[in-house]
Amino acid sequence: MRLAVIGMAQETDTFNPQLTTLDDFRAYGLYEGQQMLEDRHLDARTRGFLTAVRVDAGDIEVVPIIRGIGGSYGRIARAVLDHFLDRIGSSLRAGAPLDGLALQLHGGCCADGIDDVEGAILETCREALGPDVPIVLSLDHHANLTRRMVMGADLIVGFRTQPHDPYETSIAAAQLLFRLVRREIAPRGAWRKLPLISHQEQYLTSAGPMRTWFQRARAMERIPGVLTVSNFPVQPWLDIEEMGFASCVYTDGDQALADRLADELADLAWSLRDELQVQTSIPVVEALQVTAAAPHGVVILSDHGDSVFGGSACDSTTLLEAILGSGMDRRVLIPLVDGESARACAALGPGASITRAVGGTLSGFFRPVTITGTVRTVADGQLYVDGLPDPEMDMGVTVIVDCGPVTLMISEQRGVGGNHPGVYRAFGVEPADFHAVVLKTASNFQWFRPIAAQVIRVDTPGPTQSDIGSLPWARIPRPMYPLDPVADWRQER
Ligand SMILES: [Zn+2]
């Protein structure tokens, strides 16, 4: 059988006004055809698909179409979407005859003027393949599941864990595709949408309400006749139509069972709605007091409002300003995206003294802060960080600047915002030497775990802030819990 594989992933935050460009995709690796199967260009999902093909040992020919990762940021530019739809449509037609498609998308991508990019990609694929070629869609579980996605795909499989398991999910999705192409299964699906969103503080699937909800989905997959079960606690910073949590169940030919299980998962999420809103992040002043008093080891300061994995721009100066003004005498490491400052420091060169306003230029939530310091390192920012699901990135011109107790990594592009120690090590900085490190994520602490003594969640403002109630919502369907009182998730929408 000839199976096409497509991997396109961008997670949008509609509260970040910056558009995602083709250069953003190129910064994380944009490849077509055989190039996307070269070892150094493989991301975790493509790698998972290839593993499933190898394990199957059947007569499978892989037809690579396109792979593009755009990180998390504002809506993608309309011309970028049009370019991708054009490439996907023409390459699928050129790849004919095809027996199936492994479609690996995020599910939370919006373009300028278009809320449901994945729905548009699915329709392009369906048009190119015709009605009978199976499409198995794998999604990040922060996807906003829509009617067009459900209609366009034969099966949908979401990530099972936070932090994510893209490799394992991709294998599971591929194995279902093989069975579908061989006509071994006849999927019947049911999905439920809830008028519910929540901030990111309860998103880890290892504890709390998310654990309860996801464990029930895993238990359902052990019921005879159930093919795959996915929960979608959508990424919350999407001010779009058709927004909200969702669940999706597929059985082998049993519609009643799919409906019953989908209802049960929706009921369970609804029963957890208040636990999902529990906030554990603390105010900045308190966070810095705890940090200053911490005995030893690296303190992780999780900058909730400026998460680069949630769509912020890594341009927050909130913690930088607070630390410089706090009299902190212990060393703190902070990433910052500010292209102009990176280029200006690079032009001065290592050893140069600088005084300039930095940061706060992109997302509209922050203001620049004036620093005085010394340029330590100038680099080109081309990295391959082993251990990341998408290891390739280009951070553009990147400089390391020491200013008082703070060491800043200032770059043109965000990369992963310093959320992996390997990023700093590539620039000659050892994060274990610092008393505290500011991470631009509220969930992905796993790469810092070996050196972290403590994680402090900081309630900071920004495009990914926990205080979702005060964001300027305009398009989201109302009523929406917890923005409005909602008595029953089954209400008429
Ligand atoms: Zn996600």
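Which residues is leucine 137 in contact with, leaving aside its neighbours within four places in sequence? In this predicted model, leucine 137 contacts Leu103, Leu105, Leu122, Met149, Ala153 and Ile156.

Leu137 also belongs to the largest nonpolar core, which has 147 residues. The residues with the most contacts inside this core are Leu101, Ala102, Cys125, Val136, Leu137 and Leu177. Helix 6 (residues 166-181) gives the core its largest share, 8 residues. Because domain 1 (2-277) and domain 2 (284-465) both supply residues to the core, it lies between them.

An open sheet is built from 8 strands with mixed pairing, in the order 12-13-16-17-11-18-10-19. Strands 12 and 19 are the edge strands, each pairing on one side only. From one strand to the next, the twist averages 30 degrees.

Strand 19 pairs with strand 10 in the parallel sense, over 6 bridges. Within this pair, leucine 301 stands opposite isoleucine 456 of strand 19. Helix 9 lies across strand 10, strand 18 and strand 19, and runs at about 165 degrees to strand 19.

| Element | Residues |
|---|---|
| Helix 9 | residues 284-293 |
| Strand 10 | residues 298-303 |
| Strand 12 | residues 353-358 |
| Strand 18 | residues 436-439 |
| Strand 19 | residues 452-458 |

Methods. Residues are numbered from 1 along each chain as its sequence is written. This is a predicted model: local features need pLDDT of at least 70, side-chain atom pairs count only at pLDDT 80 or more; totals for chains, interfaces and linings use all residues. Two strands pair if DSSP finds at least two bridges between them. Helices (H or I, at least four residues) and strands (E, at least two) are DSSP runs, numbered from the N terminus. Axes are lines fitted to C-alpha atoms, for helices over the stretch in contact, and angles run from 0 to 180 degrees between N-to-C directions. Two residues are in contact if their C-beta atoms, placed from the backbone, lie within 7 Å. A nonpolar core is a set of buried Ala, Val, Leu, Ile, Met, Phe, Trp, Tyr and Cys residues joined through C-beta atoms within 7 Å. A residue is buried if 20 or more other C-beta atoms lie within 10 Å of its own, exposed if 12 or fewer, and partly exposed in between; C-beta atoms are placed from the backbone. Domain bounds come from an automatic or database domain assignment.
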